[in-house]
Amino acid sequence: MSIQNRTLTLNGKTVRYLEGGTTDNAPILLLLGALGDATFHWSRLMPLLTDNYYVVAPDIPGFGDSERLQPLTYAALVDWVGEL
């Protein structure tokens, strides 16, 4: 199954994410725990998951092609993930 590069606008900010699998499958949200973007961290793992799951891996705000949040706080990141 192929991995697609997508963007969306979330609260006026551009979010870039990778998407794979079908929405009929259970979802998995892959979040980064370090610097970098979703492609760097997840591009090799995602194809292994897409047969059984619907997988979304966003670039965290301020990294890759996702716009930075202002202010960048833990609360703002939690809200961002909830909206995503």
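Author: We begin with a term: a salt bridge is a side-chain nitrogen of Lys or Arg within 4 Å of a carboxyl oxygen of Asp or Glu. The model here is a predicted one. In it, the side chains of Arg 6 and Glu 19 meet in a salt bridge, at 2.6 Å from N to O. This pair links distant parts of the chain, with Arg 6 in strand E1 (residues 4-10) and Glu 19 in strand E2, 13 residues apart.

Reader: How many salt bridges does a search of the whole structure find?

Author: Two. The other case to read is Arg 16 with Asp 59, where the closest N and O atoms are 2.8 Å apart. Arg 16 lies in strand E2 and Asp 59 in the loop between E4 and helix H3 (74-83), so the pair ties together parts that are 43 residues apart in sequence.

Reader: Are Arg 16 and Asp 59 buried or exposed?

Author: Buried means under 20% relative accessible area, exposed over 50%, and partly exposed in between. Both Arg 16 and Asp 59 are buried. Arg 6 is partly exposed because its relative accessible area is 35%.

Reader: How do I read the pairing of strands, starting with E1 and E2?

Author: Look for the bridges between two strands and for the direction in which the strands run. E1 and E2 run antiparallel and are joined by seven bridges. One example is Gln 4, whose bridge partner in E2 is Glu 19. The hairpin of E1 and E2 has two residues between the strands, and Asn 11 takes a positive phi near 55° there.

Reader: Which strands pair with E4?

Author: E2 and E4 run antiparallel, with four bridges between them. Within that pairing, Glu 19 has Val 56 as its bridge partner in E4, and Leu 18 stands opposite Ala 57 in E4. E3 also pairs with E4, but in the parallel sense, over four bridges. There, Ala 26 stands opposite Tyr 53 in E4.

Reader: How many residues of E2 and of E4 are buried?

Author: In E2, six of the eight residues are buried, so by the under 20% cut-off the strand is mostly covered. E4 is mostly covered as well, with five of its six residues buried. As a general point, the side chains of a regular strand alternate between the two faces of the sheet.

Reader: How do I find a nonpolar core, and which residues have the most contacts inside the largest one?

Author: Look for buried nonpolar residues joined through their side-chain atoms. The largest nonpolar core here has 14 residues, and those with the most contacts inside it are Leu 30, Trp 42, Met 46, Ala 57 and Trp 80. At least two residues of this core come from each of strand E2 (13-20), H1, helix H2 (46-49) and strand E4 (53-58). To follow one member, take Met 46: beyond its neighbours within four places in sequence, it is in contact with residues including Ile 3, Leu 18, Leu 30, Val 55 and Ala 57.

Reader: Where is Ser 66 found, and which residues does it touch?

Author: Ser 66 is found in the loop between E4 and H3. Ser 66 is buried because its relative accessible area is 6%. Not counting residues up to four places away in sequence, Ser 66 touches Thr 14, Val 15, Arg 16, Asp 59, Ile 60 and Pro 61. Both Arg 16 and Asp 59, the salt-bridge partners, are on that list.

Reader: Which residues make the nonpolar surface patch?

Author: Leu 29, Leu 31 and Leu 84 make a patch of about 210 Å². Leu 31 lies in the loop between strand E3 (26-29) and helix H1 (38-42). Its relative accessibility is 36%, so Leu 31 counts as partly exposed.

How values were computed. Residues numbered from 1 in each chain as written. Predicted model: local features only at pLDDT ≥ 70, side-chain atom pairs only at ≥ 80, totals over all residues. Heavy atoms only, no water. Patch = residues over 30% accessible without salt bridge, like charges linked within 9 Å, V, L, I, M, F, W, Y side chains within 5 Å. Areas by Shrake-Rupley, 256 points an atom, 1.4 Å probe, with all protein chains shown as cover. Buried < 20%, exposed > 50% of the residue type's maximum accessible area, 1.4 Å probe, protein only. Core = buried A, V, L, I, M, F, W, Y, C linked by side-chain atoms within 4.5 Å. Contact = heavy atoms within 4.5 Å. Pairing = 2+ DSSP bridges.
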